[in-house]
Amino acid sequence: MVGPGRPQFVLFGSSIVQFSFGDGGWGASLADLYAREADIILRGYSGWNSRLALEVLEKVFPKDAATQPSLVIVYFGGNDSMRPHPSGLGPHVPLPEYVENMRKIAKYLKSLSDCTRVIFLSAPPVNEEKIRESWSDKNQELRRTNDLCRVYSEACIKLCREMNIKAVDLWTAMQKRDDWATACFTDGIHFSPEGSEIVVEEILRVLKEADWKPSLYWESMPTEFGEDSPY
């Protein structure tokens, strides 16, 4: 590990997280913004759901690690919300199990240290027409729908209220933009730079408003080697 030690912000989730370091992605934007304040660490796994996340939680976040993250931003829900596949395979997780999986993830992450903060991102909306063009046979039933995403998003937000966890309601935030369906996605599911910009704005809003000490909002954090130069 290179030094000096900085606060670690870990992005943990499915493809919405894995692809977030792409050009214009929300993870890349956070890494740029926090360039001298915190290390943004990517732990994204395309196609994963909350069930798989729970299985690897202790490997990704070992309790005996020398340094624990200052912040974990968690996103699972979009894949969980997909309709069950007739084969019985696929990423679908029933809603009650999804909620319990996310509850267990939250409890575990909060137990890592007294200073580890957690933000959950809820399932965002999707552009169903674009999904049909990009992913599906138009004659087949659409397995990922905007209404199913809403149901899982609402369940995530409700859980966060119960557990006093900070949350970003992506399903609502994205649809505040009039042209969200065409502007916010590359393929109906994953974010365009415009969609990623909304994610960043919402995360920063939570960080700015949180009464955490120390603050994790970028303008309130010390800049590494920020002392006045003698030169």
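Me: In this predicted model, a pocket is an open set of grid points with protein on both sides within 12 Å along at least five of seven lines. What volume does the second largest pocket have?
Reply: The volume counted is the space filled by probe spheres set on the points. For the second largest pocket it comes to about 210 Å³.

Me: How many charged residues are in the lining of the second largest pocket?
Reply: The lining includes Lys-110, Arg-117, Lys-166 and Asp-211. Asp, Glu, Lys and Arg count as charged. By class, the lining has three nonpolar and two polar residues, and the charged ones number four.

Me: Is Ser-29 buried, partly exposed or exposed?
Reply: Ser-29 lies in helix α2, residues 26–33. Its relative accessible area is 32%. Buried means under 20% and exposed over 50%. Ser-29 is therefore partly exposed.

Me: Which residues is Ser-29 in contact with, leaving aside its neighbours within four places in sequence?
Reply: Contact means heavy atoms within 4.5 Å. By that test, Ser-29 touches Gly-24 and Val-200.

Me: How many aromatic pairs does a search of the whole structure find, and is the pair of Phe-12 and Phe-76 stacked or edge-to-face?
Reply: The search finds eight pairs. In the pair of Phe-12 and Phe-76, the ring centres are 5.2 Å apart and the planes stand at 75°. Planes over 60 degrees apart count as edge-to-face. So the pair of Phe-12 and Phe-76 is edge-to-face.

Me: How many residues apart are Phe-12 and Phe-76?
Reply: Phe-12 sits in strand β1. Phe-76 is in the loop between β3 and α4. The pair links distant parts of the chain, and the separation is 64 residues.

Terms used: Residues are numbered from 1 along each chain as its sequence is written. This is a predicted model: local features need pLDDT of at least 70, side-chain atom pairs count only at pLDDT 80 or more; totals for chains, interfaces and linings use all residues. Side-chain values use heavy atoms; hydrogens and water are left out. Helices (H or I, at least four residues) and strands (E, at least two) are DSSP runs, numbered from the N terminus. Buried means under 20% relative accessible area, exposed over 50%, partly exposed in between (1.4 Å probe, protein chains only). On a 1 Å grid over the protein atoms alone, a cavity is a set of points where a 1.4 Å probe fits but cannot get out, and a pocket is an open set with protein on both sides within 12 Å along at least five of seven lines; lining residues have an atom within 4 Å of a point. Rings of Phe, Tyr and Trp (its six-membered ring) pair if their centres lie within 6.5 Å; planes under 30 degrees apart count as stacked, over 60 as edge-to-face and the rest as tilted.
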